[in-house]
Amino acid sequence: MNFQKIEKKWQKKWEKEKIFEVKKSKKKKYYVLDMFPYPSGAGLHMGHAFVFSLGDIFARFKRMQGFNVLYPIGYDSFGLPAENAAIKAGMPPEEYTKNAIKNFMKQQKAMGWSYDWSRMIKTSDPEFYHWDQWIFLKMLEKGIAYQKIAAVNWCPKCKTVLANEQVIDGRCWRHEDTKVEIRHLKQWYLKITDYAEELISGLDKLDWPETAKKRQRNWIGRSEGVEIDFEINSKKWPIFTTRPDTIYGVTFMVISAQHEKLMELVAKEQKPEVEKFLKKLKSVSEKELADMEKEGVFTGSYAINPVTKEKVPVYAGNFVVADYGSGMVMAVPAHDQRDFEFAKKYNIPIKQVIEGKITNTRAYTGSGKLINSSEFNGLENEKAKRQRYWGTPIPVVYCEKCGIQKVPEKDLPVKLPKKVEFGKGNPLESAEDWINVKCPSCGGKARRETDTMDTFVNSSWYYLRYTDPHNDKKIFDSKKANYWCPIDQYIGGPEHITMHLIYIRFYTKFLRDLGLIDFDEPALRYFTQGIIHAADGEKMSKSKGNVIEPLNMINKFGADTLRMALVSFASPDKDSNWDEKIVLGSHKFLKKVYDYFDNWKEGKSDDRTLSKLNKTIKEVAEYVENFKHNLAVIKIRELFNSFDEIDKKTAESFLKMLHIYCPFITEELWERIGGKGFISLEKWPDVEESKICEKFEKQEELLEKLKDDIANIRRITGKKSGKVYVYVLPNELELYKDFKEAEVFAVNDSKKHDPEGKAKKARPGRPAIYLE
């Protein structure tokens, strides 16, 4: 079997005939979508190979079920990783990205994924980000986009600001080894909180994993904030705060009285006081607790402020909820009324860090310039300095007379300048000809915004552009979007649940409110795939030298083998380890399939084969629908292993089921057995319920059980080889007579070989077994 020749042949045929391109039709639509990839220069990794194979399997399945399937592809081609890689390679990001996409496409086609390539989009194309800018202007008009100075998360490795969703356990989501810093910068924000209530209630309508829904509810429902590590008794404690800009004003900490680790912080001399306080709380109802005066008790421990290095006392309090953030808060009494009253009650110092009036009874809770904050003093007027060029330009200008002004829609897109300098701060600030413009309002001197949008903006509406990707007059045709959307099956990783999946839902609701679409949610069904680790269970990493490259596997075994192996390691929603034995097993199986059909001559399928065939069709369809591909593959293999002589309809049905996993070999074999057209466009085989025989099914179950029993005995006795003898009750001999892995006797057979008298142990449905 020359799999490389077969794969190239069918790649060319699919492309020439454009068989996966779709338009509106009378068929019921079905929209399958994988989260589009960032096209790194390194090309596809095994995670891509796995997740995109899941999407392709489902798209092929739905296509064969008679749906009009939209399965598009594009590239999330903006962002700092591409910019940094381009700088390292010594070429412009545009050129680097173009080369990376070309490489990606070649590898994607090698995997046999059935994309509609005519709808391809790239977020770095002006034709795409034109509409990012258009949406931004609409959000500005509606008060959803706004600008303010605030404390932000800064990744020193990316040299950029991170959204809260991009900070995981205090570290950058891209660089797990890099701690995020807090900086005060002027930033653009989107008021996602305006949709918070609907974002939470809308989850009830979605067929998403419960864990995904729970994580979104928790994220949307809590205050926007960050976690900062404070050291207490030589141990790091992540403290949740909504006001990181006031960290210089922290004069005490409060841990929830219900916190499970409270007693770890209580000093020996303070234990009686703390226990007395806790006893008092236990004697009141939850409602009474909510209405109680805010009280606390000193634990005897001190926290070290990570910025000032000052020691501040830690109190246990009755007003901090154990499951809010980390169950401990930093208190800034000068700028929080609750903290102010608590500090007054327990004579704790109050340190002002924002300009404003503080009285004997009131804290100052407004905004203003920072004071008593070291190098951040007076920061309100400081502008953001971010090193990010490769992103969507923000369509506003700053005029000395008119202030912030929107770029007129007729002047969109605001294109990125090509003549910029890298390596000295923000590259956009080096493009003076691009920066200096006329104010669209007064005609006077103005400067462009030199910040760019975060890449989550591009991915928050891209699924809609696939429905009308070449429209240069508007963002998309509403009729087309409403025909194809919402996405029927979305597939992606768990890391996107509280980032991308919140923003894509938020954007959908905003665009609905503009009257562009008539649905509320972007994706009705969402599947979260597991992660494939290296053979030793470690994360695949170039530094560890344990990376398995998909292209190497394709060159060695073929794409069909890789596709089948990837879904055979474990259930696709679970993490799994790379297993070369499964790859080899898949390759061996496909060679057997190829040899069988290459030499196939039509015969007659007996009743047993037809029963098993129809049962398998029924089971495989159910498994595929629920992403239980490992079980579906087992059933397909079992069916093939039962074949002897089969008719053409059985052969066709088998190849159709195998096709969704192994598209190349099945196209080739379909042609060889005289199938017409492409198997990719064939109908999924119908189940003939009347052909399913329970007697055969029962017999198969008994034979499978017997096979397992023999394997268990071999394992226990250590006898890995040797002849096997089986003894069954006389009335069950008919059920077991076709068992090929042992010599079968009725217990009353006088000619049976039974040197150890095992036959007397046989019971109904439980044969006795003897291993030589």
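Aromatic pairs first: this structure, which is a predicted model, holds 49 of them.

Take tyrosine 75 and phenylalanine 104. Their ring centres are 6.2 Å apart and their planes stand at 90°, so this pair is edge-to-face. Where do the two residues lie in the fold? Tyrosine 75 is in strand β3, residues 72-75, and phenylalanine 104 is in helix α4, residues 93-110, so the pair ties together parts that are 29 residues apart in sequence. Tyrosine 75 and phenylalanine 104 are both buried.

A second pair is tyrosine 462 with tyrosine 466. Here the ring centres are 5.6 Å apart and the planes are at 70°; since planes over 60 degrees apart count as edge-to-face, this pair is edge-to-face too.

Next, lysines over rings. Lysine 109 lies over the face of tryptophan 117, 5.0 Å from the ring centre. Lysine 191 lies over the face of tyrosine 146, at 5.5 Å from the ring centre.

Last, a helix contact. Helix α1, residues 3-17, packs against helix α23, residues 663-672, with the axes 9 Å apart and at an angle of about 85°. The two helices, α1 and α23, are therefore roughly perpendicular to each other. On the α1 side the contact is made by Ile6, Glu7, Lys9, Trp10, Gln11, Lys13 and Trp14. On the α23 side it is made by Pro663, Phe664, Ile665, Glu667, Glu668 and Glu671. What kinds of residues make up the contact of α1 with α23? Six are nonpolar, one is polar and six are charged.

Terms used:
Residues numbered from 1 in each chain as written. Predicted model: local features only at pLDDT ≥ 70, side-chain atom pairs only at ≥ 80, totals over all residues. Heavy atoms only, no water. Axes fitted to C-alpha atoms, helices over the stretch in contact; angles between N-to-C directions. Helix = DSSP H or I, 4+ residues; strand = E, 2+ residues; numbered from the N terminus. Parallel < 35°, antiparallel > 145°, perpendicular 65-115°, else oblique. Contact = heavy atoms within 4.5 Å. Nonpolar A, V, L, I, M, F, W, Y, C, P; charged D, E, K, R; others polar. Phe/Tyr/Trp six-rings, centres within 6.5 Å; stacked < 30°, edge-to-face > 60°. Buried < 20%, exposed > 50% of the residue type's maximum accessible area, 1.4 Å probe, protein only. Lys NZ or Arg CZ within 6 Å of the ring centre and 35° of its normal.
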